[in-house]
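Hello,

Here is the structure I promised to pass on. My notes on what turned up follow below it.

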Amino acid sequence: MTTGSTPSKGTGSSTTTPEALRDAEPGSSATTTRSEGKPVVYPAILQGFLGSLMMFAGSIGIGWIANGSPMIRHPIVIALRTEDWGVTVSAISLAVGAMLLVRSWLRLGQRMDTWQGNALGPIVTAIGAWSFPLLFAVPVYSRDVYAYIGQGRLMMEGQNPYEVGISTLSNWFSLGADPAWAEARTPYGPFFLWMANGVVAITGAQPDVSVLLFRLLAAAGVLLCVLYVPKLAELHGVNGARALWVTVANPLFLISFIASAHNDALMVGLAVAGTYFAATRRPIIGVLLVTASIGIKPATVLLLPFIGLMWAGAGASWPRKFGMWAATAALSFGVLAISGIPHGLGLGWVWAIIDPTPGFTGYSPSGFLGQQLEFFANALGLPGGTMASFLRTAMKWGAMVLVVVLMFRGDHSRVVRRMALAFAALVLLSPIIQPWYILWFVPFLAVTGIRDDWQIRCLYVGVTFFIVFGAQDQLSVWSFVPVSVDLQSLAFAVTLLFSFYLVFLDIHTRRLLVQGKLSGWVRRGDRRLFRRPPAIR
């Protein structure tokens, strides 16, 4: 089906039926995307590649370059980062490139039409084409990758990143990391710290080469998703190509995991692979892969109870379920405990679970609602701060209750869906949500089915929101550079205008959100995307 539009009648015809021509909006995919029975996808792929190239170019002038990088002495870099025109053009290029990626992703989904035949090939091609320029870009949307270098240096010097921050390193500021990491203990698992140690051992902490190696590690996680998202989707009777489009071709996924080089990419890739093996009756491999995911970043510890349910199998008695939960925990935590022996790391990773970062983000549901409650409570003379804090705490614990309910209730064939919903609840009801956190659970929702109604439209809105937010939030401009306009406001205006164009003016993409009005948000979608019931045994 053409996402968000009237489906073509038939799946292999070289011509569009009269019914489709009659119902299609002028210029829609029903009239433009099929040639000899195959979807014409190269315009969307080329447009996305152009967007990635623009992001690459913009990153040179506005991305996060470490103070110790030799790049800052290159004449082109100097011009782009020290001249008013250079930083302005770079900010516009980054913003427009990111939004072109959004449009290309939407149009690729539309152009795939029925998702039948060799639909996987074009999606993989798009992922490769859109990722390649980002692989060599200066880090954008986040500079956490420089903190990884600092934690690798801590390991090299025999210090424990679970006990000290990177400020204990000599000349740490030249690493390029956010000062917030100065005294912060690492929230990452022991396996990732080993990797960080290895990267620094290879590069000598040279920032540019280190960033590239961390990107390659993140790319390995992306590759795992490319391999196992379609397989896990097919296991649930969901079109694998469409699940891959929703998950990996997603511009937020590529920007966060390739351009920003977040280690969450490897965490998610290992988790998806582990879930696939557990769902296909290879539970020990599944547990070990999910354990490796926890060893990158402990957030995926949430998956273990559901992996245990897959190990127990359909129709398992409660004693068997509890037995498999115990076996899963023993195997996983045993491996993690042993992994803490080298370098004297111990069980330091546990603090990331039991002692989360304080505070909240204003765009998280609990953060936003808490702010509104505090405002109105203060206006009425009530203790707004206390009430807002109580609300955020209640929502966080409410998420934990939902996780427990989903562990104990539900059909076994939908165990991966239950896991996805539990993960989504834990993320969305937490006080702090970073843009890439939603990518933790999107793959599991995609492989179990995201319908062409309010579900996919919420994803469109969420992805676009975080692309717009990141384009103006993370801009690196040296304080001595004379700038005639506020670059954050400029980038925000550019992305907001582009979003308005996509929603209301673009004859193709506007149908994804506004066509059909309310009915477009509530219809069930094309059942051809769901081929058969889940095959989880």
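Thr 464 lies in helix 21 (residues 454-473); helices here are DSSP runs of H or I of at least four residues, strands are E runs of at least two, and both are numbered from the N terminus. Thr 464 is buried, at 19% relative accessible area. Buried means under 20%, exposed over 50%, and partly exposed in between, with a 1.4 Å probe and protein chains only. Leaving out residues up to four places away in sequence, Thr 464 touches Met 99, Val 102 and Ser 499 (contact means heavy atoms within 4.5 Å). Val 102 is 362 residues from Thr 464 in sequence, yet their C-alpha atoms are 7.1 Å apart.

Please keep in mind that this is a predicted model: local features need pLDDT of at least 70, side-chain atom pairs count only at pLDDT 80 or more, and totals for chains, interfaces and linings use all residues. Residues are numbered from 1 along each chain as its sequence is written, and side-chain values use heavy atoms, without hydrogens and water.

Now the overall picture. The protein has 23 helices and 2 strands. Of its 537 residues, 57% count as buried. Among contacts between residues at least 6 apart in sequence, 75% join residues at least 24 apart.

Next, the charges. The structure holds 6 salt bridges (a side-chain nitrogen of Lys or Arg within 4 Å of a carboxyl oxygen of Asp or Glu).

- Asp 452 pairs with Arg 242, with the closest N and O atoms 2.7 Å apart. Asp 452 sits in the loop between helix 20 (442-448) and helix 21, and Arg 242 in helix 10 (residues 240-247), so the pair ties together parts 210 residues apart in sequence. Both Asp 452 and Arg 242 are buried.
- Lys 297 pairs with Asp 264, at 2.9 Å between the closest N and O atoms. Lys 297 is in the loop between helix 13 (283-296) and helix 14 (304-312), while Asp 264 is in helix 12 (residues 264-279), 33 residues apart. Both Lys 297 and Asp 264 are buried.
- Glu 157 pairs with Arg 153, the closest N and O atoms being 3.6 Å apart. Glu 157 is partly exposed, at 45%. Arg 153 is buried, at 13%.

Helix 9 (residues 207-235) holds Leu 216, which is partly exposed at 43%. In helix 9, Arg 215, Ala 218, Ala 219, Val 222 and Cys 225 meet Phe 253, Phe 257, Ile 258 and Ala 259 of helix 11.

Best wishes
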